[in-house]
Amino acid sequence: MRYRVPSKAPRTSRRRPSGPLFLVPTLLALLLAGCGTTTVQVTGGDFPKPIVPSMPLTLGVHFSEQFRSYRLQESVPQRGDWSIDIGNAQVSMLRAVLPAMFDQVVEVDSLEPETLPQGLNAILVPSVQEMQFAIPFQTRSNFFEVWIRYEMSLIDQRGDVIARWPVTAYGKTRSLMLETAEAAMRDAAINALRDAGAFLAIGFPNQQELRPWLERELAALDFTP
Amino acid sequence: MIRTLLATLPLTLLLAGCVSATVEEVRSGATGMRDTDQVVVLGRRHNNGYETEPDFVSCVGNSLGSGRDGIAVLPERQFVDTLFPFFEPRTAPLEIRDLPSLMANEMVATRLQEQGVRYLVWLDGSTSTNDTSGSMTCAVSPAGGGCFGFVTWDRESTYEASIWDLETMTSVGKISTDASGTSYMPAVILPVPLIARVQSSACGGMATQLKAFLHSKG
């Protein structure tokens, strides 16, 4: 490698880039900034149907726009920005789990009492209260981890709240040598959604907050779970 | 052809690090396989600090199913999906005493019967890198590049398999395997990895012992 001695000759002129050349550093900076975001799209799909007894009830379910398009955006020091989109996947998970738990499930677009179809025993409104994640760099382990805390609200045809209860979910996946961070985080998020589905399917009939409503509705049908 | 094989054999042996492995078995009940019986190999994933690696679980499952005395093995993912949500990390039975209450669930019992599953093999453990020493420096220049140095690391695999008989709802035995080995990577311009295949050795030992254990009438 050659080392070039700076010339002592006076500089005659120092031209500044003008016109489109000025844009080059700006574009380069924008391009490099774009590299700092890790985008994880958790696609919906293959959630299994739970094997739980179906309750002879008709449940409405409302997926709000916020729920359908839920995305966590967070910055990890020294590891750039992360954007994890679980909106589609969590809707898919509930579309797989709820029809196994109830005889009939009807998706409703609005919660306005006058627009709700007749004959619903209740309407379930899921919402994400909090989502967190961790990458191996933060925990000094080999795992990508995802935590989600949902709040499930059950409302009646008039829009009054019957019960609210939390559903917590956790998923992790091992960091593999040839796997991308995006793929590992996607697997961790899917494991967390499976965990939420399992908790919901097994826990629903035993949820303390739901007991009075469930006993009333099932007694009216002369059904013993 | 034979000459080529003879020439490459010492090189292959040289390039593989050494592994020592031990397998131990404790039997507490009778076993035996009928033609219709299936086995499921499942990994424990409820611990915070580690999880049984999916590739180790599939390695043991594939090894059990191979060979003339191969056993019919149901893939882990297929089993867990079929029995959803009862074999997720948070809901799976941890102890044999949890099994009767799970089997009391008619839907679970029917699904297991449909699948023909007789034995559940729970694998618990992991492979870790314990000690790394040495150093290596790599440099690149317009004239070329290269590495110089020597790195060595120890890996250890510790796994235990608990075998549950779903017909008798008892634990029929445990098999444990420990394997350890040291890998080396000397580098003079080019790094040459001499990898000790510790996990693979643990998998082979575990699968061979499991196969004999399940076939044996005990």
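This is a predicted model: local features need pLDDT of at least 70, side-chain atom pairs count only at pLDDT 80 or more; totals for chains, interfaces and linings use all residues.
**Architecture of chain A**

Chain A contains six helices and eight strands. Along the sequence these elements occur in the order α-β-β-α-β-β-α-β-β-α-β-β-α-α. Of the 225 residues in chain A, 29% are classed as buried. Where contacts link residues at least 6 apart in the sequence of chain A, 70% of them join residues at least 24 apart.

Helix H6 of chain A spans residues 211-220. This helix lies largely in the open, because one of its ten residues is buried. After H6(A) comes Asp222(A), which has a positive phi near 60°.

**Contacts between the chains**

The interface brings 13 residues of chain B into contact with eleven residues of chain A. On the chain B side, helix H5 (residues 106-115) supplies the largest share, namely three residues. By class, the residues of chain B that touch chain A comprise six nonpolar, six charged and one polar.

**Backbone features in loops**

Two residues that are not glycine, Arg140(A) and Met169(B), have positive phi values. Arg140(A) is located in the loop that runs from helix H4 (136-139) to strand S7 (143-155) of chain A. Met169(B), in turn, sits in the loop joining strand S5 (144-165) to strand S6 (170-191) of chain B.

The surroundings of each residue can be stated as a count of neighbouring C-beta atoms. Arg140(A) has 6 other C-beta atoms within 10 Å and is therefore exposed, a class that requires 12 or fewer. Met169(B) has 13 other C-beta atoms within 10 Å, so this residue is partly exposed.

| Residue | Phi |
|---|---|
| Arg140(A) | about 55° |
| Met169(B) | near 55° |
| Asp222(A) | near 60° |

Chain B also has a cis peptide bond, which leads from Phe84(B) to Pro85(B) and has an omega near 10°. Pro85(B) belongs to the loop between helix H3 (76-82) and helix H4 (99-103) of chain B.

**Summary**

Loops of the model hold the positive phi of Arg140(A), the positive phi of Met169(B) and the proline of the cis peptide bond, Pro85(B).

Definitions and conventions
Residues are numbered from 1 along each chain as its sequence is written. Chains are lettered from A and ligands numbered from 1 in the order in which they are written. A residue is buried if 20 or more other C-beta atoms lie within 10 Å of its own, exposed if 12 or fewer, and partly exposed in between; C-beta atoms are placed from the backbone. Helices (H or I, at least four residues) and strands (E, at least two) are DSSP runs, numbered from the N terminus. Two residues are in contact if their C-beta atoms, placed from the backbone, lie within 7 Å. Ala, Val, Leu, Ile, Met, Phe, Trp, Tyr, Cys and Pro count as nonpolar, Asp, Glu, Lys and Arg as charged, and the others, Gly among them, as polar.
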